[in-house]
Amino acid sequence: SLEGNIDSESGWILSEEEMHQLLWSQAAIFDHQCIHETIPEFRDLNPTLENLAEFLFRNMKRTLNEMG
């Protein structure tokens with residue numbers, strides 16, 4: 001779960017814009033890349049939709065935790 005100060009106007013911890021930027025910054029890792037060659041986690045792992053989703057989830061979770 002995500003914890004933090006709730007914005008009084010939106011009721012959100014992160015704004016839609018912040019969440020959008022976070023998601024696209026993570027997805028940009030795959031843009032115009034040969035996933036097997038450029039992303040170490042996929043050198044021995046088939047980049048199925050499920051594996052890509054799990055990879056994105058782990059990266060977003062780590063980034064959100066670092067944000068505090």
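Contact here means heavy atoms within 4.5 Å. Helices (H or I, at least four residues) are DSSP runs, numbered from the N terminus. The model is predicted, so local features need pLDDT of at least 70 and side-chain atom pairs count only at pLDDT 80 or more, while totals for chains, interfaces and linings use all residues. Residues are numbered from 1 along each chain as its sequence is written, and side-chain values use heavy atoms, with hydrogens and water left out.

The buried residues of α3 are N51, L52, F55, L56, N59, M60 and L64, where buried means under 20% relative accessible area, exposed over 50%, and partly exposed in between (1.4 Å probe, protein chains only). These buried residues of α3 pack against α1 and α2. K61 also belongs to helix α3, but K61 counts as partly exposed because its relative accessibility is 47%.

Next comes the pairing of α3 with α1. Two packed helices are described by the angle between their axes and the distance between the axes. For α1 and α3 the angle is about 130° and the axes are 10 Å apart. That makes α1 oblique to α3. The contact is made by M19, L22, L23, Q26 and A27 on the α1 side and by L56, N59, M60, T63 and L64 on the α3 side. Axes are lines fitted to C-alpha atoms, for helices over the stretch in contact, and angles run from 0 to 180 degrees between N-to-C directions. Angles under 35 degrees count as roughly parallel, over 145 as roughly antiparallel, 65 to 115 as roughly perpendicular and the rest as oblique.

Two residues of α1 can be set side by side. Q26 lies in helix α1 and is buried, because its relative accessible area is 9%. Leaving aside residues up to four places away in sequence, Q26 touches L56, N59, M60 and T63. E17 is also placed in helix α1, but E17 counts as partly exposed, at 46% relative accessibility.

The loops remain. H32 sits in the loop between α1 (16-27) and α2 (35-38), and H32 is exposed because its relative accessible area is 76%. The side chains of H32 and D31 are joined by a polar contact of 3.5 Å; such a contact is a pair of N or O atoms within 3.5 Å, and within protein one must be able to donate a hydrogen and the other to accept it, with residues adjacent in sequence counting only if both atoms are side-chain atoms. Most residues other than glycine have a negative phi. H32 is not a glycine, yet it has a positive phi of about 55°.

T48 lies in the loop between α2 and α3 and is partly exposed, with a relative accessible area of 27%. The C-alpha atoms of T48 and E17, 31 residues apart along the chain, are separated by 28 Å.
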